[in-house]
Amino acid sequence: MKIAALLPHVEIWGGVRRYLELGNEFVRLGHEFVLYTPEGLPPSWLDFKGEIRPFSVLKKDRYDIGLCSEYSLLNEFQTLQARVKFFYFVLAGHRLEKQVVRLPFRFLANSSGLCRRLERRYRIHCELAPGGINPSIFYPARREGAPDEFRILCYGRLYRRRKGIHLVLKAVEKLWKKYPQVKLLLFDSPVQGENRDSRQMLQTAVPHEFFWNLPQSSMAWLYSQADVFVSAEWRAGWSNPTAEAMACGVAVVCTRSGTEDFALPGKTALVVRWPLPFLLARNIEKLMQDDQLRRRLAQAGRQKILEFTWEALARRLERIFHSALV
C-alpha cells in the first residue's frame, strides 16, 4: 500500500510520535509511507524510515490511504489524492469535530472512550486505533540518587491546561507538607513556534527538578527515577506519558482521560474519577505507604502496556486499510 499522512510539524509531541513510529512500522511491513509537512524537513529527535515531503508537492502523487488528525490541515487533507481517507481523532471536543464527521472520510480514534463518544454522538462508525509504545525506548532502567526520596514524576507542559499539571502540583504540595521526603520531577521540550517556556511558569516550594529537552535515549532513565507517575489530563485521547511510564515499570496514578484502555483501576493503576488535587494526593499517598501495592501495579502496568506496541497498531491498521480498499 501507498500511505500518506499530514502533520503541521515534526516537533516532540505525542501526536507526532504516533505518525513517525507508525510510519517506521509500515515501512518494515513493506508499505510506502510518506509524511507531508509544511516544510518537508525530517525530525531531529527520532529516526524516521519513511519519506518526508513538503505541502508544495501534495498534489503530485496518488495514494491508497490518507491519514490526518489535524483540524488545521483539513484543506490540505482534502487536496491529498487518496483512494480512502481516514480522519484520525486524537482529542475530544474540538469546535470543528461536528464538521469533520460530515465529510467523506472514514474515522479512527486513538482510545476506546473517544471512539465510543464519537459513535454515540454522531452515529458514525469509528475504528479503534489506540496509541502505542516503543519498548526499545521505554523500558525499566536503574534508579539512581538518594534512596530516601519519594519521587513523583509528571509531564511539565504547564501552559497546556488540559494536561492538568497545575492540579498535580497542588496534590504534591499537599503531600510535601506531610512528607518532607517528597521530590517532584517534571520534563518537557521546546516547541518550534511557541515562545513559552514551562520552566519559567513553575512556581512551587516543593523540592523539584525540571528535565528539559532530554534525548529519546534518556527517557527510560528519566521515567525510572520516579516512584510514581501522575497524570491529571482531561479531553485526552491517548496519554502517551502515562503509557511510557508504565512501560518503564513505574506505578501510575491517573484520570480515566487517555488511559482507559490500559489503566485498569486497582489492577494496573490507581485511577481517579475526577482530576481533583485531594483525590490525586490520596492515591499517591496510598502508594507511598504501601510498597507492595506500588510494586504490584508497576509490574502489572508494564505487562499490560506491552500489548500496545506500535507494531501491533500498524498490523491492526493494515487490516483496517485493506478492508477499506476492497
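How many salt bridges does a search of the whole structure find? The search returns 21. Please bear in mind throughout that this is a predicted model.

Let me take three of these pairs in turn. Aspartate 47 and lysine 49 form a salt bridge in which the closest N and O atoms lie 2.7 Å apart. Lysine 49 is partly exposed, at 48% relative accessible area.

Arginine 143 meets aspartate 227 through their side chains, in a salt bridge of 2.8 Å from N to O. This pair links distant parts of the chain, 84 residues apart: arginine 143 sits in the loop between strand 7 (126–128) and strand 8 (150–155), and aspartate 227 in the loop between helix 7 (219–224) and strand 11 (228–231). Arginine 143 is partly exposed, with a relative accessible area of 28%, whereas aspartate 227 is buried, at 13%.

Glutamate 209 pairs with lysine 183, the closest N and O atoms being 3.2 Å apart. Here strand 10 (residues 208–212), which holds glutamate 209, is linked to strand 9 (residues 182–188), which holds lysine 183; the two residues are 26 apart. Lysine 183 counts as buried because its relative accessible area, 17%, falls under 20%. Glutamate 209, at 34%, is partly exposed.

The largest nonpolar core comprises 94 residues, and Leu35, Leu67, Tyr223 and Phe321 have the most contacts inside it. Helix 11 (residues 310–325) contributes the most, with 8 residues. Beyond its sequence neighbours within four places, phenylalanine 321 contacts Met1, Ile3, Phe26, Ile65, Leu67 and Phe86. A second, separate core has 29 residues, including Leu6, Leu74, Phe77 and Ile124.

Note on methods
Residues numbered from 1 in each chain as written. Predicted model: local features only at pLDDT ≥ 70, side-chain atom pairs only at ≥ 80, totals over all residues. Heavy atoms only, no water. Core = buried A, V, L, I, M, F, W, Y, C linked by side-chain atoms within 4.5 Å. Buried < 20%, exposed > 50% of the residue type's maximum accessible area, 1.4 Å probe, protein only. Helix = DSSP H or I, 4+ residues; strand = E, 2+ residues; numbered from the N terminus. Contact = heavy atoms within 4.5 Å. Salt bridge = Lys/Arg side-chain N within 4 Å of Asp/Glu carboxyl O.
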